[in-house]
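My notebook is open, and I want to look up how the inside of this protein is packed.

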Amino acid sequence: MEAHMVEFKPKEYANVVTLRSGKDLPEAHKRIKKVERTKTTLKIHEVKNCIEIAAKRRMSPQPAPYVPKNVLITGAAGFIPSHVTNRLTKLYPDYRIVALDKLDYCSSLKNLEPSYSSPNFKFVKADITSADLINHLLVEEKIDTIMHFAAQTHVDNSFGNSFEFTINNIYGTHVLLEACKLAKSIKRFIHVSTDEVYGETDLETDIGNPEASQLLPTNPYSATKAGAEMLVMAYHRSYGLPTITTRGNNVYGPNQYPEKLIPKFIILAMKGERFPIHGDGSNVRSYLYSDDVAEAFDVILHKGVIGHVYNIGTKKERRVLDVAEDICKLFGLNTQEVIELVQDRPFNDQRYFLDDQKLKKLGWQERTPWEEGLKKTLDWYTKNPDWWGDITGALHPHPRISNIMHSHNEGCLLQLIKGSKKGCGSDFKFLIYGRTGWIGGLLGKMCEERGIAYEYGSGRLQDRNSLMHDMIRVKPTHVFNAAGVTGRPNVDWCESHKVETIRTNVAGTLTLADICREADILVMNFATGCIFEYDERHPLGSGIGFKEDDRPNFTGSFYSKTKATVEELLNEYDNVCTLRVRMPISSDLSNPRNFITKITRYEKVVNIPNSMTVLDELLPISLEMAKRNCRGIWNFTNPGVVSHNEILEMYRDFIDPKFKWQNFDLQEQAKVIVAPRSNNELDMTKLKKEFPELLSIKDSIIKCRVYVGNLDPRVSERELEDEFRIFGSYKKADGKKLVILLVSAEQRVEVLEDVEVGALLDTEGAQVMVVGVRVLVGVPLGAEARHHAVAAIAGLHIVAGMKLHMLMVYAPAYLPKWTQRASQKPKLNGRDDSL
């Protein structure tokens, strides 16, 4: 042998070459001595070159630790990631931790209990294979860091259901990578792989696989993890995605699903059953305690170098038989009686052995000795025997994926909701159901106007889990339920769609109330007063209304029957405020559900006095009732009654002088409808006592509030609360529509001087309409506007002792966009459809 050559094995040559990636000088010398004892040749100058490179790297300054802001952890309710999530949430309160999991069979929200009450923690139930959801989540949560744990991991399962592993481990990773590429906001993408991608390690070698080793997976699970790694590498090289990959040994500790070796043996020992061991039990594995692994990911997150791979391993190895024997000793069991050798896997790697020096150089060390970690794990399972519910299938010698969702997750969700609620502070935040409905839509707008934080629910009322996840996401102080089936276009629809009506009006409402009760959240439930009809104790025209504690006496329609049923059941829930709405009216006549709009489209109407709800006045009251923590049943209409004819007379007088209608009686009405209608008067003593300013039904209709917008951002919402309703004039000048704005006399507005009051105000046939008043400040009517506008100041009707001025404009070029489209018909609110 020549003096300038040494002998080595191919794999050990690879170990030396990896010194170029940053091995320190002492390690390089140690490797050379190892190579010198081998039998294959290696040029000495190559080794020296490795040493020189290592020395230079050692002298280079270390970069500052990475500090993330919004961290997404996938698969967070699983074993290892839950320990990482809880650690980061606790140690780094300035980081926002978004935990994502689809809650598969081997994950549990119980694993995340330590993070529930933390204000920097948020849970999202989702599947990483849903591209649209992942794309939205990265943007919505402003994610800058991803720790990707989500995967199918049990090797036994991969032999029987390998396609599931391909979908989750490869396709799911690809979805995440593509979303990161599109988001362009990711500063770290930590991909969690496994030591099994290296394939089997030679039993004779004492040098572990370094990060530069070739990937040689031997089972479907490790093959999918290797495939995912190739995608991660490709996105790093092609798109510059800042990736880091980890490959870890086996992990054990609390919370692990018992399909894995150590928890399985512990639980079997607790049950007094035998330990099934694959093959002869000689397979060798390395085990790390879960707390140590969580710390390793902490170090990699902050100190890991982009583009690098880090092994998370230990040099301490044990045969499967050794593990079984150690557990037997802790339980005082005879190994000969307990251990049972069973059929091996189709292929079972004999050994996985890692080189862990690179991670140690970042500052990580294994802290928990095997004996201590095993004792801690045993103690945890002894104290939590029912953590995973029914795990019979997992204890089988060759378990397969279970499709059963464990019921314990619901209890965890409820605890998570409570924890989220505690973290939201003292400010109000409303969760509203019924976004596409009339009342639900108005509630959102009113919250915006009043500066109240709110979000709409996305879950269906019948879906318990989706409601829980809405509450975890929103963290509401109150829930408003404006969702329900009322019929399309009216309650007759419910007669032929009874199951759908029950599902939403009864089952859905009760589900929402039940979840909120468990989470201690008040529900403002919009119900109906159409569950009564005039009777001997409450005769028509008597002024005697039905009170909150009266039992429903009208079940003529299936809709009313479901509403009466659910109201009675909701009485058992002390966290519900039931608001009985009747024949809702608003200033927006464009809405087909507006009672005024409805009856103006009928050829004939009955003429019966009824209690009705003016939404412009009462919906703001519902927000205040939530703040006051009102509960129980409340009649939710304006005091008094108004008949169909009285409403139509106002419509004729204020809107359309040519409008005409015909009446018919209840017998005639019954011939053209499927289900009878409710007619009644509700007693409003309770609500009037709580809100003395509540207007009677007729006054409220005539003086219906209309919000035309605050045109001056300097004027706050509170300054606009002192509003007035007034009769104004509406007409056309030169064939053009006039836009009417009323301005408080206390505010100063620049007005045109060239006015012709008589021409504008004394036009014959001018229509009278109700107009809502908003404070209007600083509208610029300069020289250019004078060319296009005509305005007048005139003394108008005195309201509440204050004189008002009217500004009339028919050339709206200078006004906001909402004045620039004319409607086909004047509206009760004095606006076009576009206002």
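**Ground rules.** I'm working with a predicted model, where local features need pLDDT of at least 70, side-chain atom pairs count only at pLDDT 80 or more, and totals for chains, interfaces and linings use all residues. Residues are numbered from 1 along each chain as its sequence is written, and side-chain values use heavy atoms, with hydrogens and water left out.

**Cores.** I looked up nonpolar cores, meaning sets of buried Ala, Val, Leu, Ile, Met, Phe, Trp, Tyr and Cys residues joined through side-chain atoms within 4.5 Å. Buried here is under 20% relative accessible area, with a 1.4 Å probe and protein chains only. The largest one has 37 residues, and Phe-297 and Leu-359 are among those with the most contacts inside it. Which helix gives the most to this core? That's H10, with seven residues. Helices are DSSP runs of H or I, at least four residues long, and strands are E runs of at least two, numbered from the N terminus.

I checked Leu-359 next: skipping residues up to four places away in sequence, its contacts (heavy atoms within 4.5 Å) include Ala-296, Ile-300 and Trp-364. Another core, of 35 residues, lies apart from the largest one and includes Trp-634.

**Sheet.** I found three strands in an open sheet, ordered E9-E11-E13, with mixed pairing. Two strands pair if DSSP finds at least two bridges between them. E9 and E11 run parallel over three bridges, and Val-251 has Leu-288 in E11 as its bridge partner. E9 (250-252) and E13 (317-319) are the edge strands, each pairing on one side only.

Methods. Buried < 20%, exposed > 50% of the residue type's maximum accessible area, 1.4 Å probe, protein only.
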